[in-house]
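Let's take a friendly look at how charged side chains pair up in a protein chain. Have the sequence and the 3D view ready as you read.

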Amino acid sequence: MKNINGTGIPKRLILIFSTVIFLLGISVDLAIPGHVAAQGESPQPRVDPQVLETLQASGSADFVIEMAEQADLSAAYAITDWNERGQYVVDTLKAVADRSQKGAVSRLKGQGARFTSYFASNVIVVHGGSLRALEAVQNLPEVARVRAPVVVQLEPVE
């Protein structure tokens, strides 16, 4: 198998990983009540109240910055070679994340915030972020919303 960028990670493994992360992101969004407002309901607040409560109580909080732009991967269906398809998906996801996260990453760095960028779901997870870090990114037009992290515990398969 061919490797990507000399990392030693097979392309097929990256494709599988990216697909799983992408599908997990979709399923988490669908599982969170109120993510999509029903007809007649007011839209969800841009910042999850749980994040604000945690910040107020402890002075810092982990939070997830969801970017508004999501990659259009529809062209991948026309690519028959699995390695090429996987590379296309990875490249497209990375390009969209790099472009859409640029402003938020810059502001977070300016605040000295610790964070991890995830290209597959186009989110930034801030670790122990301050209110100032939240305020620096929450109103950027490329930010869709800021929410508390979702923790899922899976039982081991025997």
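A residue is called buried when its relative accessible area is under 20%. Arg147, at 12%, is therefore buried. Keep in mind that this model is predicted. In general, side chains of opposite charge can pair when their charged atoms come close. The structure holds three salt bridges, and here is a tour of them.

**The network around Glu66**
- Glu66, Arg145 and Arg147 are linked in a network of salt bridges.
- In the pair of Arg145 and Glu66, the closest N and O atoms are 2.9 Å apart.
- That pair links distant parts of the chain: Arg145 sits in strand 4 (residues 143-147) and Glu66 in strand 1 (residues 61-67), 79 residues apart.
- Glu66 also meets Arg147 in a salt bridge, with 2.5 Å from N to O.
- Because Glu66 lies in strand 1 and Arg147 in strand 4, this pair ties together parts that are 81 residues apart in sequence.

- Glu66 has a relative accessible area of 9%, so Glu66 is buried.
- Arg145 is buried too, with a relative accessible area of 8%.

**The pair of Glu69 and Arg99**
- Glu69 forms a salt bridge with Arg99, and their closest N and O atoms are 2.5 Å apart.
- Glu69 lies in the loop between strand 1 and helix 3 (82-110), while Arg99 belongs to helix 3, so the pair ties together parts that are 30 residues apart in sequence.
- Glu69 is partly exposed, with a relative accessible area of 32%.

Notes:
Residues are numbered from 1 along each chain as its sequence is written. This is a predicted model: local features need pLDDT of at least 70, side-chain atom pairs count only at pLDDT 80 or more; totals for chains, interfaces and linings use all residues. Side-chain values use heavy atoms; hydrogens and water are left out. A salt bridge is a side-chain nitrogen of Lys or Arg within 4 Å of a carboxyl oxygen of Asp or Glu. Helices (H or I, at least four residues) and strands (E, at least two) are DSSP runs, numbered from the N terminus. Buried means under 20% relative accessible area, exposed over 50%, partly exposed in between (1.4 Å probe, protein chains only).
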